[in-house]
Each structure stands twice: as C-alpha cells, then as structure tokens.
Amino acid sequence: MRKIGQLKGVLALAAAALLLTGLAGFQDAAAYFTTYVSAGGSEIVRMGSQTELIEDVTNMTKHISILNTSQTNDCYVRVKIFHGSQLDVTCSDASGRGNLWHFSREDGYWYYEPMVGPGAATEILDAKIGGLPPDFDRDSFNVVVIQECTPVVYDEAGNPTADWNTVYSDYRETGGEGDFRE
Amino acid sequence: MRKKITWGMLALAVALLLGSTIGSTRAALTYYSENYVAEITVSQIGVSLLENGEVVSSRDYDENEWKVSTNQEGGSGSGALLKDLLKEGEKLAFNKRYEERLTVKNSGTIDTYVRVRVYRYWTRDGRKLTTLSPDLIDLNFANEDKWVKNPEQTAECTELFYKGILPSGQETEAFVDGVRIDGAVASEAAIETNGNVVTTTYKYDGVEFHVDVEVDAVQTHNAQEAIKSAWGVDASGLGIL
C-alpha cells in the first residue's frame, strides 16, 4: 500500500514536470504576431469552332463564303481552291471593301482578314471558272473549296491575330486515370 | 537510503525546472512589459491583398479582435480574384495579356515582413487537372528586385518574400502585374468534316484556370526567429531582412 502511494507521488511529480515543460514551450510558440489573408479566382476557357462553307454558283462563278456557326467563339478562316488543270479559275474579292480576302503565293490559301464572330459570315470570294472548251459540261465541273478555321490569339503587342502554324495533335477521349487529381 | 537519494534527486530536478520556468516567465514579462509601455498598439498587426488597386481581402487585429473583410458577399474569409478580368460580354482570348496587378498593403499599425504564395492550376468539373501545365497560366511576376523567389518553388506554387520591412500603412510594389493564357492550350483538337461543315473540338474545352494567393505577415521584432517560426525559412539566407 505504501509502495502504491509512493508511485502515485512520483507520477504526480512527473506529470507536473511535463506540464511545466509544455507551458515553457508554449510561451515561445505564441510569442510572434502574425496575420494572413487569401483570395482566389478562376475563369473557364471556352474553345471549339464550327464553320460551314457556303457556295453558290451563277454564270460559272462560285460565290464562296464561310459561316461561323459557333455560338461563342470568334475565329479566323481561310480557303484553298483545287481544280483540274484544264480549267482556268480566277479568284477575286467580291466584298464591299474589296480588300478583305488576301491570296498567299507561299501556301496557295486565300485568307479572310477580319475575325469572324459567332453567327457571322465572311463576305464573298468569287471563283470564276473560265477557259472552258466548247463541249464542256457546265453542269458538272470539279472545283473543290477547302475551308479551315483557327481560334483568335493575340500577338505580343496585344493585337488579335491568327496562328496558322499550330499543328493540331489528335486526341482521344480517354478519361483515364492520371488526368485528374482530387 | 537509496529511496531518500531518489526522492532528493527528483525534488531537486523539479525545483530546477520550476526555477528555470519562473526565470523565463519573469524574462517574458519584463520583455513584454517594456514593449507594451513603449508601443501601446503593438498587437495591431494587419495585412491586405489588393488587385488592381482594390482591396480584395484584409485581416487586421483591432480593438482586441480580428477584423476580416473581403470583396465577396456572404462573409467568406477569402477574397475573389479575376472578377473583372473580362469586360461584360468579352471572351477570354489566348496569348492576350490581361492586367492583373497584385500588391500587398500593411493595414496594421506595426511594421511587418510579408510573404506571398501564388498557386496556379487547372480544373475540369471541379477536379484538378494534372495533364495541363500550370505554366500555361502565364503570370507575369514583376519587381523581382523587391520580391525574392523561394528557389524551391514548384510549377504550381510560387513563393515570394518581400525584401525588407513593409512599414505600417505602406503598399508593396506589384508581385504580379499580368496574366496570359498560352494558346498552346488549344493545340490538341479533333477536326471533323461533315459535308460543308467543319467542326473543331478541343481537348481542353471547358477547363478552368485558377489563380489563388495567400499572404502572410509577421512582426519585425526579433524577425529572424519570428520568420523561422512562422514560415520555416532562414530569412537571412534568403536576403529578405
């Protein structure tokens, strides 16, 4: 019984020593004045485009226009015209200003200068088909128009521009592990 | 006899411990008493984060309580950034440099040292996206002569220390002055042609970029130890004292 009493006494002393040691440490930890603030923000990046090629033919001339059918995104467009060597196709800017379509000898594309807003269409580029032999079937000729679009980016000066050098890499919807982190 | 020695040693140990604690307490009391008399407002530390000149979040100790205010409705403890990044009807454009001037103001009554942590990351549907590089969220870190970068930063978190003391009432130079989303985010796309309609679907359409900022301030008194205790870094080694 006496031994138990002694043990209790030792334990009480040890507990007191621990408490005092803890308090001594707490004094140091609580000694500095600090404060903090935080803030955060986010923005969704919307991408995606859909364009439709509109072609009307009158008097052996294709009237070409591109309609931006996207609901949200501006884009830049360009077209390239392919035809057989027996045909003589001459393109001309039929826009009101007359200088919105520009031909590049380097790559053979016709570039539409202004950006095309959602729901808007380019002005007309005419492709006149000439040099036709007398027996040419005017209801069946092969002049193919290829259209491309690219999203609006900005240059270092802050001006909107088109980056036609972007090489798109295909992707697959994997949804696999590793894409996300909680 | 042995028991007596044991009890004697234990009593001596407790007496020594008590003595040392009282000594510390007395020293601390003296230490604080002197400062308290000299600077009645010693405890009024405060800090504010500003975005383009407007306070978005502040936390100041005043009249024995913490006063927290933010630009968010609903009493959130955290402020809102990027609210005015785009004008009404404006769409986010790639590679365009948007003004995002972030500064810190000492809104307390004592001088402080200041640290900021800037986080940038991508999410989709509320989940963090790890396949898009945080570097595509191009924050322009400014005034690098005044803001010292922690060399051990990660791609997601940049830690900056303001060099020197930020006096009460003063505002720092901007640590960030612009943000730009790199057009490379649109480099993966599937292009589908259906008749005369061409549809381009981008892999990262609908992702969300985030910029989060944490600002910490600490007293200048006993700065080396205070900074070590609060931030865990060697202030002298970083050259911020």
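The model is predicted: local features need pLDDT of at least 70, side-chain atom pairs count only at pLDDT 80 or more, and totals for chains, interfaces and linings use all residues. Residues are numbered from 1 along each chain as its sequence is written, with chains lettered from A and ligands numbered from 1 in the order in which they are written.

Chain A contains 1 helix and 11 strands. Helices (H or I, at least four residues) and strands (E, at least two) are DSSP runs, numbered from the N terminus. Along the sequence, the pattern is α-β-β-β-β-β-β-β-β-β-β-β. Chain A has 182 residues, of which 19% are buried (20 or more other C-beta atoms within 10 Å of the residue's own, with C-beta atoms placed from the backbone). Among contacts in chain A with a separation of 6 or more, 69% link residues 24 or more positions apart. A contact requires C-beta atoms, placed from the backbone, within 7 Å.

In chain B, strand β10 (residues 157–162) pairs with strand β6 (residues 112–124). Pairing requires at least two DSSP bridges between the strands. Here 5 bridges join them in the antiparallel sense. B:Val116 stands opposite B:Leu160 in β10(B). Strand β9 (residues 147–149) of chain B also runs antiparallel to β10(B), with 3 bridges. B:Trp147 stands opposite B:Tyr162.

B:Arg180 lies in strand β11 (residues 176–181) of chain B. B:Arg180 is partly exposed because 18 other C-beta atoms lie within 10 Å, between the limits of 12 or fewer for exposed and 20 or more for buried. Not counting residues up to four places away in sequence, B:Arg180 touches B:Asn95, B:Lys96, B:Arg97, B:Tyr98 and B:Asp138.

How values were computed: Two residues are in contact if their C-beta atoms, placed from the backbone, lie within 7 Å.
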